[in-house]
Amino acid sequence: MDVDVVVDMGDSVVVAVDPRECGMSAAVAVFEGKWKAFVMWVLAERPRRFRETRRLVTGISEKVLTQQLRELEADGIVHREVYDVLPPRVEYSLTPKGHRLYELLQLLDAWGQDHLAERSMPSSSAGSEAALAAARPASATATR
């Protein structure tokens, strides 16, 4: 990543980064938007046909799902398999690259679940961290 500008602001340093060369920007661009993460979530379990995917991603239109699948395919995240049968059959699945990105989405989901739990707790700081730790699954608290 190339740094364009570094500005000393006393106790902190502000770094300007060219988003075209930033790995974070490149990663987020692949799944940004309202639907791509949900489409990936549905395809992570197993290959699915278009109609099944649309049914599982509640609220997405046929046009938008088609667009999202094409963009994910162009980015190498989704594989489109066309079977030479009548009636025509097409299945979508995550590529190995897509599964790697899905692992990151799972981490984001876990963070989001923790965040929702924190927001729903009373704001008394005395016992809030202990209450949050008690609310986490045993596997999550063992690693912290």
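This is a predicted model: local features need pLDDT of at least 70, side-chain atom pairs count only at pLDDT 80 or more; totals for chains, interfaces and linings use all residues.
**View 1. The protein chain comprises seven helices and five strands.** Helices (H or I, at least four residues) and strands (E, at least two) are DSSP runs numbered from the N terminus, and along the sequence they follow the pattern β-β-α-α-β-α-α-β-β-α-α-α. Of the 144 residues, 26% count as buried, where buried means under 20% relative accessible area, exposed over 50% and partly exposed in between (1.4 Å probe, protein chains only). Among contacts (heavy atoms within 4.5 Å) between residues at least 6 apart in sequence, 37% join residues at least 24 apart.

**View 2. Three strands form an open sheet in the order E3-E5-E4, with antiparallel pairing.** E3 and E4 (78-83) stand at the edges with a single partner strand each, so one side of each is left without a neighbour in the sheet. Strands count as paired if DSSP finds at least two bridges between them; E3 pairs with E5 (residues 89-94) over two bridges, and six bridges join E4 to E5. Glu91 in E5 is the bridge partner of Arg49, and Glu81 also stands opposite Glu91.

**View 3. A cis peptide bond joins Leu86 and Pro87.** The omega angle of this bond is about -5°, and Pro87 lies in the loop between E4 and E5. For background, most peptide bonds are trans.

View 4. Arg48 counts as buried because its relative accessibility is 6%. Its side chain makes a polar contact of 2.9 Å with the side chain of Glu45, and another, of 2.7 Å, joins the side chains of Arg48 and Glu52. A polar contact is a pair of N or O atoms within 3.5 Å; within protein, one must be able to donate a hydrogen and the other to accept it, and residues adjacent in sequence count only if both atoms are side-chain atoms. Setting aside residues up to four places away in sequence, Arg48 touches Val42, Leu43, Thr53, Leu56, Val90, Glu91 and Tyr92.

**View 5. Helix H2 (residues 36-45) crosses helix H5 (residues 96-120) at roughly 110°, with their axes coming within 10 Å.** H2 is therefore roughly perpendicular to H5, a description that covers angles of 65 to 115 degrees, with those under 35 counting as roughly parallel, over 145 as roughly antiparallel and the rest as oblique. Where the helices meet, Ala37, Met40, Trp41 and Ala44 in H2 face residues of H5 that include Leu101, Tyr102 and Leu105.

**View 6. Lys97 is found in helix H5.** This residue is partly exposed, with a relative accessible area of 48%. Lys97 and Asp75 are 22 residues apart in sequence and 9.3 Å apart in space, C-alpha to C-alpha. Apart from neighbours within four places in sequence, Lys97 is in contact with Asp75, Gly76 and Ile77.

Technical notes: Residues are numbered from 1 along each chain as its sequence is written. Side-chain values use heavy atoms; hydrogens and water are left out. Axes are lines fitted to C-alpha atoms, for helices over the stretch in contact, and angles run from 0 to 180 degrees between N-to-C directions.
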